[in-house]
Amino acid sequence: MKDAFGLPNSLLVLGGTSEIALATARRLVARSTRTVWLAGRPSPGLESAADQLRALGPDVRTVTFDALEPGTHEAALGKVFAEGSIDMVLMAFGVPGDQARDESDPVAAVNVARTNYIGAVSAGLVCAQALQNQGHGTLAVLSSVAGERARRSDFIYGSSKAGLDTFAQGLGDALHGTGVHVMVVRPGFVRTQKGVAPQRITLSTTPEAVATAIEAGLRRRSETVWVPGALRVVMSALRHTPRAVFRRLPW
């Protein structure tokens with residue numbers, strides 16, 4: 001069960017090598033989390049992530065999970081819930097794709113959509129049902145401000161995140177009153193080891209900042225978390241910007 005501050009004692013991460021997910025896991029382990037499951041494709045990276053978390057003290061286990069194989073999700077994730085209740089599921093898998101390449105390669109574009117949206121719908125429903133069966137828990141879904149309005153530079157990725165975001169909001173409404181809470185997390189561009197924010201992106205963030213915001217959202221039982229918080233206002237303005245003007249913005 002969660003502690004007195006709404007933080008989880010047990011955590012399941014879908015996307016076990018995600019830098020944001022691991023930063024969140026480290027932060028929660030420092031607070032209250034004692035059991036962590038990292039779900040992902042078997043790889044040295046997944047095992048290394050598990051070892052790094054184990055060094056902090058919790059019981060860490062790994063489970064094979066592939067977003068592109070929805071038919072395996074119920075069995076794979078069911079094994080986790082069969083071991084004991086899970087207080088929080090963090091859905092953190094996804095691929096950014098390559099917009100320039102994907103526009104001329106429909107198969108690659110579909111792979112982005114299958115991973116970010118179709119895989120998330122499958123895994124999200126499996127976890128939601130398991131959380132509902134146990135009567136409690138939080139499903140935190142890592143979305144993106146890219147899903148708020150399609151941009152020329154990343155509309156394939158953005159459209160997949162828009163679908164994910166809408167799905168998560170609807171799922172939260174469907175689960176209202178069941179004891180299961182859905183929290184949508186919308187970060188801006190996240191500076192990770194794999195990429196540096198372009199200079200024109202002034203409201204970029206870090207995995208650690210997202211982790212801090214997730215913790216705050218759990219304590220407040222938030223339904224939507226923006227990182228950084230100023231993006232809420234910025235995106236509200238951009239959603240209402242006339243299309244002719246929006247097309248001319250420098251991205």
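1. A crossing of two helices is called right-handed if the near helix is turned clockwise from the far one by less than a right angle. In this predicted model, the crossing of α1 and α7 is right-handed. Helix α1 comprises residues 19-31 and helix α7 residues 207-220; the two pack at an angle of about 50°, and their axes are 8 Å apart. The helices α1 and α7 are therefore oblique to each other.

2. On the α1 side, the contact is made by Glu 19, Ile 20, Ala 23, Thr 24, Arg 26, Arg 27, Leu 28 and Arg 31. On the α7 side, the contributing residues are Pro 207, Glu 208, Val 210, Ala 211, Thr 212, Ile 214, Glu 215, Leu 218 and Arg 219. Divided by class, the contact of α1 with α7 contains eight nonpolar, two polar and seven charged residues.

3. The packing of α5 with α6 may be read alongside. These helices meet at an angle of about 15°, with their axes 9 Å apart. Because angles under 35 degrees count as roughly parallel, α5 is roughly parallel to α6. The crossing of α5 and α6 is right-handed.

4. From α5, the contact draws on Ala 109, Val 112, Ala 113, Asn 116, Tyr 117, Ala 120, Val 121, Gly 124, Leu 125, Ala 128 and Gln 132. From α6, it draws on Ile 156, Tyr 157, Ser 160, Gly 163, Leu 164, Phe 167, Leu 171 and Leu 175. The contact of α5 with α6 has 14 nonpolar and five polar residues, and no charged ones.

5. Helix α6 is followed by Gly 177, which has a positive phi, near 90°.

6. The buried residues of α6 include Ile 156, Tyr 157, Gly 158, Ser 160, Leu 164, Phe 167, Ala 168, Leu 171, Gly 172 and Leu 175. Lys 161 and Asp 165 are also among the buried residues of this helix. Their cover includes the strands β4 (88-91), β5 (137-142) and β6 (180-187), together with the helices α4 (99-103) and α5 (106-134).

7. Arg 149 is located in the loop between β5 and α6. The C-alpha atoms of Arg 149 and Ala 162 are separated by 8.0 Å, the two residues being 13 residues apart along the chain. Leaving aside residues up to four places away in sequence, Arg 149 touches Leu 238, Arg 239, His 240, Thr 241, Pro 242, Arg 243 and Phe 246.

How values were computed. Residues numbered from 1 in each chain as written. Predicted model: local features only at pLDDT ≥ 70, side-chain atom pairs only at ≥ 80, totals over all residues. Heavy atoms only, no water. Buried < 20%, exposed > 50% of the residue type's maximum accessible area, 1.4 Å probe, protein only. Helix = DSSP H or I, 4+ residues; strand = E, 2+ residues; numbered from the N terminus. Contact = heavy atoms within 4.5 Å. Axes fitted to C-alpha atoms, helices over the stretch in contact; angles between N-to-C directions. Parallel < 35°, antiparallel > 145°, perpendicular 65-115°, else oblique. Nonpolar A, V, L, I, M, F, W, Y, C, P; charged D, E, K, R; others polar.
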